[in-house]
Amino acid sequence: MLNTWVVMPTCLPLVLRRCHACASERFRTSGKFRVNANHKLIDAWLLALCTVCGETAKLTVLERRNVRSVQPGLLDRLHDNDPGLAAELLQDPAVRRRNRIALDWDGAWRLDTGGSDPLDRGRGLPRSSEAESLGKSDVSVRFAARIPVRPVRLVAEGCGLSRAEVERLIAEGKLVSVVRLNARLSGDFTFTLKH
Ligand SMILES: [Zn+2]
């Protein structure tokens with residue numbers, strides 16, 4: 001029995017960066033851009049506000065770029081404050097490096113299990129004979145965005161278990177994966193649950 005879970009972003013992550021005005025380290029972006037064109041050169045920034053004092057930080061998207069070297073469509077998206085563009089840019093490691101920022105995804109994602117229960121505790125539904133004879137479930141976890149999270153947390157949430165219960169399943173060899181279940185990752189993986 002194969003289940004598919006999806007880690008879905010629900011809003012933009014917080015931007016981690018020190019505020020020069022109040023020393024807070026968290027900014028929230030509404031996805032608005034500022035574009036400044038000077039002759040043929042263009043600058044563009046993604047605007048973010050300090051969560052404590054409201055100070056504006058400008059995250060560089062384009063820096064003195066020749067208009068003709070900017071990929072078609074990007075200028076329109078910047079001018080339109082395209083809501084998907086901020087998400088794409090924040091996930092771009094080059095943008096994060098250039099602006100020396102990191103992201104805080106706490107509370108900005110959810111796990112969509114499609115209603116599946118890999119523990120197969122049943123809700124009066126007949127078990128498939130295959131699942132019953134094998135007594136195991138394979139779960140494929142897909143990331144809709146590169147959100148760093150520990151697999152143990154996803155398994156706990158998806159199966160309705162406590163962290164301690166998940167740790168016990170690992171210790172008993174009932175929860176196995178080729179990835180390290182205790183380390184953060186942000187790419188697709190699968191795990192098997194024996195029950
Ligand atoms: Zn501040």
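**Reading the core, the metal site and a loop residue**

Guide: Please keep in mind that this is a predicted model.

Visitor: Which residues have the most contacts inside the largest nonpolar core?

Guide: In soluble globular proteins, nonpolar side chains tend to be buried together. Here the largest nonpolar core has 50 residues, and V141 and L154 have the most contacts inside it. At least three residues of this core come from each of domain 1 (2-9 + 107-194) and domain 2 (18-100).

Visitor: With which residues is L154 in contact, leaving aside neighbours within four places in sequence?

Guide: The partners of L154 are W5, V7, W109, L111, V141, F143, V149 and F189.

Visitor: Which residues coordinate the zinc ion, and what is the arrangement of the donor atoms?

Guide: The SG atoms of C19, C22, C50 and C53 coordinate the zinc ion at 2.3 to 2.4 Å. Four donors count as tetrahedral if all angles lie between 85 and 135 degrees. The angles around this zinc ion are 103 to 114°, so the arrangement is tetrahedral. The sequence spacing of the donor residues is C-x2-C-x27-C-x2-C.

Visitor: Is C19 buried or exposed?

Guide: Buried means under 20% relative accessible area. C19 has 3% and is therefore buried, whereas C22, with a relative accessible area of 29%, is partly exposed.

Visitor: Where is T113 placed, and which residues does T113 touch?

Guide: T113 lies in the loop between β8 (109-112) and α4 (129-134). Its relative accessible area is 17%, so T113 is buried. Not counting residues up to four places away in sequence, T113 touches T4, W5 and G158.

Notes
Residues are numbered from 1 along each chain as its sequence is written. This is a predicted model: local features need pLDDT of at least 70, side-chain atom pairs count only at pLDDT 80 or more; totals for chains, interfaces and linings use all residues. Side-chain values use heavy atoms; hydrogens and water are left out. A nonpolar core is a set of buried Ala, Val, Leu, Ile, Met, Phe, Trp, Tyr and Cys residues joined through side-chain atoms within 4.5 Å. Buried means under 20% relative accessible area, exposed over 50%, partly exposed in between (1.4 Å probe, protein chains only). Domain bounds come from an automatic or database domain assignment. Contact means heavy atoms within 4.5 Å. Donors are N, O and S atoms within 2.8 Å of the metal (3.2 Å for Na, K and Ca); water is not among the atoms, so sites may look incomplete. Four donors count as tetrahedral if all angles lie between 85 and 135 degrees; four count as square planar and six as octahedral if opposite donors are over 155 degrees apart and all others between 65 and 115; anything else is irregular. Helices (H or I, at least four residues) and strands (E, at least two) are DSSP runs, numbered from the N terminus.
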